[in-house]
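Student: I am new to this structure and would be grateful for a guided reading. May we proceed by question and answer?

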Amino acid sequence: MKTPTLYAPDSIRGITIKQPWAACILHGDKRIENRPRAWAPGWRLLHAGAETDRAALRDPLVARTVRGLGELPTRAVLGIVRITGSHTDTGEPCSPWAQPDRVHVDLDDVHPLALPVPCDGQLGPWRVPLGVYERVLLQLPAHLRELLPEAAS
């Protein structure tokens, strides 16, 4: 009989983003995530997916941002981020990272983790296993832990 998976509080979700885009958020100034639809505001664990977008590595903006970072981790939670809203551009792009004809998810309060937390992700916001959430919380300073939902004891 399989043991049921315990999850972090429902108010915290994971979001999976391919590399090098995840690194550009965590270590650069990418504060827009391009998606087909809006995402709800709130704190999210930023997860690097299994695949790397190799074509993106040829983009000069991306290349400058990830230069010197070494190997970009995949299949792991790499940080936390707060979604503050979503919008579409009606004129000039809101950011050099914004793609036309996409919903731009606004990111703020980006905090990379010192150590990646291995984890499988999913498309769209997904429920975070409790053990993963607890390993993320251990790496966060106290002032950030206070902002996030408390893990079940």
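Predicted model: local features only at pLDDT ≥ 70, side-chain atom pairs only at ≥ 80, totals over all residues.

Student: Where in the chain is confidence highest?

Tutor: The mean pLDDT of the chain is 92, and 96% of its residues reach 70 or more. Confidence is lowest in helix α4 (residues 142-145), with a mean of 87. The highest value, 97, belongs to helix α1 (residues 21-27).

Student: In what order do the elements of the chain run from the N terminus on?

Tutor: The chain contains four helices and six strands. Read from the N terminus on, the order of these elements is β-α-β-β-α-β-β-β-α-α.

Student: Which strands stand at the edges of the sheet?

Tutor: The six strands form an open sheet with mixed pairing, in the order β2-β5-β4-β3-β1-β6. An edge strand has a single partner strand, so one side of it is left without a neighbour in the sheet. The strands in this position are β2 (32-35) and β6 (126-127).

Student: What angle does the direction of helix α3 make with that of β5?

Tutor: Helix α3 (residues 130-139) packs on the sheet, where it touches β3 (42-52), β4 (76-87) and β5. The angle between the direction of α3 and that of β5 is about 85°.

Student: In which sense does β3 pair with β1, and in which sense with β4?

Tutor: Strand β1 (residues 13-19) and β3 are joined over six bridges in the parallel sense, and T16 stands opposite H47 in β3. Between β3 and β4 there are seven bridges, and L45 has I80 in β4 as its bridge partner.

Student: What radius of gyration does the chain have, and what would a compact globule have?

Tutor: Along its principal axes, the C-alpha trace spans about 50 × 35 × 35 Å. For 153 residues, a compact globule would have a radius of gyration near 15 Å. The value for the chain agrees with this: 16 Å.

Student: Is T65 buried or exposed?

Tutor: T65 is found in helix α2 (residues 60-66). Leaving aside neighbours within four places in sequence, T65 is in contact with C24, H27, G28 and W97. Buried means under 20% relative accessible area. At 16% relative accessibility, T65 therefore counts as buried.

Student: Is L147 buried or exposed?

Tutor: L147 is found in the segment after α4. Its C-alpha atom is separated by 8.9 Å from that of W43, although these residues are 104 residues apart along the chain. Because the relative accessible area of L147 is 51%, this residue is exposed.

Methods. Residues numbered from 1 in each chain as written. Heavy atoms only, no water. pLDDT = per-residue confidence, 0-100. Helix = DSSP H or I, 4+ residues; strand = E, 2+ residues; numbered from the N terminus. Pairing = 2+ DSSP bridges. Contact = heavy atoms within 4.5 Å. Axes fitted to C-alpha atoms, helices over the stretch in contact; angles between N-to-C directions. Rg over C-alpha atoms; globule rule 2.2 N^0.38 Å. Buried < 20%, exposed > 50% of the residue type's maximum accessible area, 1.4 Å probe, protein only.
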